[in-house]
Amino acid sequence: MSDQKTILVVEDNDFVRTQIVTFLKGAGYATIEASDGDKAFDLVNETIALAVVDVRMEPMDGFEFISLIRAQGLKTPVVLVTGDQDG
């Protein structure tokens, strides 16, 4: 499918990341995964239609990730998520 949208999933919890990716693939999206913001920054480019990013990660959190991609001129839409019940 040539018009398939690719979604970058950035989540440090392996179980949660797998669940998000499984859901998105089931809905027909291509996915790329990263376990932290640093790895995700190396993967993000103009071909990514959307990034689903965990708010609380180390060494780079979701807000820092957004700041860096915006500084690079990328306007990729970002959905911030968290499984943290303390926030």
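1. Thr6 has a relative accessibility of 18%, so the residue counts as buried, the cut-off being under 20%. Thr6 belongs to strand 1. Beyond its neighbours within four places in sequence, Thr6 makes contact with Ala30, Ile32, Thr47, Ile48, Ala49 and Leu50. The model is a predicted one, and the points below should be read accordingly.

2. The sheet is open and has 4 strands in the order 2-1-3-4, with parallel pairing. Strand 2 (30-34) and strand 4 are at the edges with a single partner strand each, so one side of each has no neighbour in the sheet. From one strand to the next the twist averages 20 degrees. Strand 3 and strand 4 run parallel and are joined by 4 bridges; Val53 stands opposite Leu80 of strand 4.

3. Helix 1 (residues 14-26) packs on this sheet, where it touches strand 1, strand 2 and strand 3. The direction of helix 1 makes about 170 degrees with that of strand 2. Helix 3 lies across strand 1, strand 3 and strand 4, and runs at about 165 degrees to strand 4.

4. In helix 3 (residues 62-71) the buried residues are Gly62, Phe65 and Ile69. Viewed down the helix axis they fall within an arc of 55 degrees, so they line one face of helix 3. Their cover includes strand 1 (6-10), helix 2 (37-43), strand 3 (48-54) and strand 4 (78-81).

5. The ends of helix 3 can be described as follows. After the helix comes Gly73, which has a positive phi, near 85 degrees.

6. There are 3 salt bridges in the structure. One pairs Asp14 with Arg17, with the closest N and O atoms 2.8 Å apart. Both residues are in helix 1, 3 residues apart, or about one turn of the helix. Asp14 is partly exposed at 49% relative accessibility, whereas Arg17 is buried, its relative accessible area being 11%.

7. Arg17 also meets the side chain of Glu33 in a salt bridge (3.2 Å, N to O). Since Glu33 is in strand 2 and Arg17 in helix 1, the pair ties together parts 16 residues apart in sequence. Glu33 is partly exposed, at 39% relative accessibility.

8. Another salt bridge is formed by the side chains of Asp36 and Lys39 (3.9 Å, N to O). Asp36 counts as buried at 12% relative accessibility; Lys39, at 45%, counts as partly exposed. Through shared partners, salt bridges join Asp14, Arg17 and Glu33 into one network.

Note on methods. Residues numbered from 1 in each chain as written. Predicted model: local features only at pLDDT ≥ 70, side-chain atom pairs only at ≥ 80, totals over all residues. Heavy atoms only, no water. Buried < 20%, exposed > 50% of the residue type's maximum accessible area, 1.4 Å probe, protein only. Helix = DSSP H or I, 4+ residues; strand = E, 2+ residues; numbered from the N terminus. Arc of directions from axis to C-beta. Contact = heavy atoms within 4.5 Å. Pairing = 2+ DSSP bridges. Axes fitted to C-alpha atoms, helices over the stretch in contact; angles between N-to-C directions. Salt bridge = Lys/Arg side-chain N within 4 Å of Asp/Glu carboxyl O.
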